[in-house]
Amino acid sequence: MTNEDGIRTQESVRELSSVDGETAVITGASSGIGRAVAETFVADGADVVICSRTQEDVESVAEELNEADVPGSVLPVECDVTDRDSVEALAEAAVEEFGEVDLLVNNAGGSGSGGPLHEVEGDEWDGVVDVNLTGVYNVTTAFSDALREDGGAVVNTASMAGRYGVAGMGPYSAAKAGVSALTRTLADEWAGDDVRVNAVEPGFVATPPVREMLDVEMPEREGADRRIGQPDEIADTIRFLASDAASFVTGQTIAPTGPPNTFEPPEV
Ligand code: NAD
């Protein structure tokens with residue numbers, strides 16, 4: 001949209017970077033980054049389906065957001081992304097409620113208990129890979145028809161651990177590297193269906209597990225020279241990738257980390 005001078009209007013530029021009117025599914029949205037994505041999307045006007053393993057947890061987030069003065073609405077659904085039946089039920093619930101799905105944010109994940117790889121038990125390996133990598137496969141394939149029917153966007157939450165391969169986080173690093181690779185694969189495979197597929201590779205983000213591990217407060221959202229970010233800052237990067245402002249961006253990973261090439265635990 002342009003004005004009488006042939007210049008793009010403020011309204012059209014804002015519209016492009018918005019997810020207003022879209023229907024989105026966000027996994028792992030009971031806390032941290034996923035919850036921040038849900039809040040950002042409904043504040044912007046999207047309807048969202050949020051999931052996590054415990055109904056009570058997603059319900060309390062949905063209640064809080066649905067009671068707030070925001071344009072979008074929230075449907076909470078209990079779903080374990082490692083369980084294909086549970087994921088199929090999530091897809092059915094989403095389509096039944098909203099009729100279509102435009103955006104998928106594969107965010108559910110966690111780093112596991114950690115330790116050197118030679119001490120990692122098989123069960124621990126399986127658990128971390130299941131939730132972080134196989135979960136993305138399960139959910140993405142379950143929503144494949146809905147997303148490809150009318151075009152859309154997928155944003156996966158990978159990690160800087162996947163880019164660098166962090167000591168003591170072998171299963172997590174490998175699984176997240178897999179997520180970034182899968183992002184590029186799927187971007188090629190689904191480009192013809194007009195589905196863009198991108199990922200974020202956050203550095204340290206002050207979500208509940210990280211705040212507990214590092215014993216840090218929520219940082220201020222100011223200054224580029226930081227080693228720890230707010231969940232909202234990752235949500236805003238995800239919103240950009242989900243929006244039409246990123247219409248020529250697919251198969252990419254954006255790393256909201258603070259300064260590049262300095263990935264290290266923040267000083268606490
Ligand atoms: P979090 O613990 O606050 O949130 C994780 C969410 O995933 C929760 O809602 C949890 O219930 C859900 N979840 C876990 N296993 C699940 C399963 N099997 N099925 C469905 N839901 C499940 O943690 P977070 O830090 O917000 O992490 C969100 C994502 O960001 C994860 O993929 C994580 O690996 C990634 N990440 C986090 C950071 C960070 O510093 N916090 C950095 C890089 C990447």
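Q: What is the handedness of the crossing of helix α2 and helix α10?
A: A crossing is called right-handed if the near helix is turned clockwise from the far one by less than a right angle. In this predicted model, the crossing of α2 and α10 is right-handed.

Q: At what angle do helix α2 and helix α10 pack, and how far apart are their axes?
A: Helix α2 covers residues 32-44 and helix α10 covers residues 231-242; they pack at about 55°, with their axes 8 Å apart. This angle makes α2 oblique to α10.

Q: Which residues make the contact of α2 with α10?
A: On the side of α2, the residues are Gly32, Ile33, Ala36, Val37, Thr40, Phe41 and Asp44. On the side of α10, they are Pro231, Asp232, Ile234, Ala235, Asp236, Ile238, Arg239 and Ala242. By class, the residues of this contact divide into 9 nonpolar, 2 polar and 4 charged.

Q: How do the axes of helix α5 and helix α8 cross?
A: Angles under 35 degrees count as roughly parallel. The axes of α5 (residues 122-142) and α8 (residues 170-190) come within 8 Å and cross at roughly 15°, which means that α5 is roughly parallel to α8. Their crossing is right-handed.

Q: Which residues of α5 and α8 make the contact?
A: Helix α5 contributes residues including Trp125, Val128, Leu133 and Val136, and helix α8 contributes residues including Tyr172, Val179, Leu182 and Trp190. The residues of this contact comprise 13 nonpolar, 4 polar and 1 charged.

Q: How do the axes of helix α4 and α5 cross?
A: The axes of α4 (residues 84-98) and α5 come within 9 Å, and the crossing angle is roughly 35°. Helix α4 passes α5 in a right-handed crossing. Here Arg84, Val87, Glu88 and Ala91 of α4 meet Tyr137, Asn138, Val139, Thr141 and Ala142 of α5. These residues divide into 5 nonpolar, 2 polar and 2 charged.

Q: How many residues surround the ligand, and which are the closest?
A: There are 31 residues around the ligand, and the closest are Ser30, Ser31, Asn107, Tyr172 and Thr207. Among them, Tyr172 also belongs to the part of α8 that takes part in the contact with α5.

Terms used
Residues are numbered from 1 along each chain as its sequence is written. This is a predicted model: local features need pLDDT of at least 70, side-chain atom pairs count only at pLDDT 80 or more; totals for chains, interfaces and linings use all residues. Side-chain values use heavy atoms; hydrogens and water are left out. Axes are lines fitted to C-alpha atoms, for helices over the stretch in contact, and angles run from 0 to 180 degrees between N-to-C directions. Helices (H or I, at least four residues) and strands (E, at least two) are DSSP runs, numbered from the N terminus. Angles under 35 degrees count as roughly parallel, over 145 as roughly antiparallel, 65 to 115 as roughly perpendicular and the rest as oblique. Contact means heavy atoms within 4.5 Å. Ala, Val, Leu, Ile, Met, Phe, Trp, Tyr, Cys and Pro count as nonpolar, Asp, Glu, Lys and Arg as charged, and the others, Gly among them, as polar. A residue is near a molecule or strand if one of its heavy atoms lies within 4 Å of it.
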